Amino acid sequence: MIQWITAGALAASTIIALSGLLSAGPATACNSIDGCMHAAQRENYDMMHDGRMSTMMRNGAANMAAFQSFSTAARQQEQSRPPASGPAGRRF
């Protein structure tokens, strides 16, 4: 009985010790001295002042306009198709 308790305690302590070696996920992803939040804020500030943000916003607006015109054209093409022939509107 004592051997089982000792083996269980040893196994539990081994699992705890090995789990400490695992990475903490996103917490270990940033190795900046001043922290990830400051790096993100600095990048955002730089993007606003060197014109990258306005370029990205224009590109995003152009992509949205292209998608909307594509979906409008597809919808119009779908409406202009003749009705399907055959039983219950199926095409064979």
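A residue counts as partly exposed when its relative accessible area lies between the limits for buried, under 20%, and exposed, over 50%. Aspartate 50, with a relative accessible area of 47%, is therefore partly exposed in this predicted model.

**View 1. Salt bridge between arginine 52 and aspartate 50.** The closest N and O atoms of the pair are 3.0 Å apart. A search of the whole structure finds 1 salt bridge. Arginine 52 has a relative accessibility of 35% and so counts as partly exposed, as does aspartate 50 at 47%.

**View 2. Crossing of helices H2 and H3.** H2 covers residues 36–50, and H3 covers residues 52–80. The two helix axes come within 4 Å of each other and cross at roughly 80°. Because angles of 65 to 115 degrees count as roughly perpendicular, H2 and H3 are roughly perpendicular to each other.

**View 3. Residues in contact between H2 and H3.** On the H2 side the contacts involve Glu43, Asn44, Asp46, Met47, Met48 and Asp50. On the H3 side they involve Arg52, Met53 and Met56. Asp50 and Arg52 also form the salt bridge of View 1.

View 4. For the protein the mean is 78, and 73% of its residues reach 70 or more. Where pLDDT is low, the predicted coordinates should not be read in detail.

**View 5. Surface of the protein.** The accessible surface comes to about 8400 Å², and 64% of this area belongs to carbon and sulfur atoms. Of the 92 residues, 1% count as buried.

Definitions and conventions: Residues numbered from 1 in each chain as written. Predicted model: local features only at pLDDT ≥ 70, side-chain atom pairs only at ≥ 80, totals over all residues. Heavy atoms only, no water. Buried < 20%, exposed > 50% of the residue type's maximum accessible area, 1.4 Å probe, protein only. Areas by Shrake-Rupley, 256 points an atom, 1.4 Å probe, with all protein chains shown as cover. Salt bridge = Lys/Arg side-chain N within 4 Å of Asp/Glu carboxyl O. pLDDT = per-residue confidence, 0-100. Axes fitted to C-alpha atoms, helices over the stretch in contact; angles between N-to-C directions. Parallel < 35°, antiparallel > 145°, perpendicular 65-115°, else oblique. Contact = heavy atoms within 4.5 Å.
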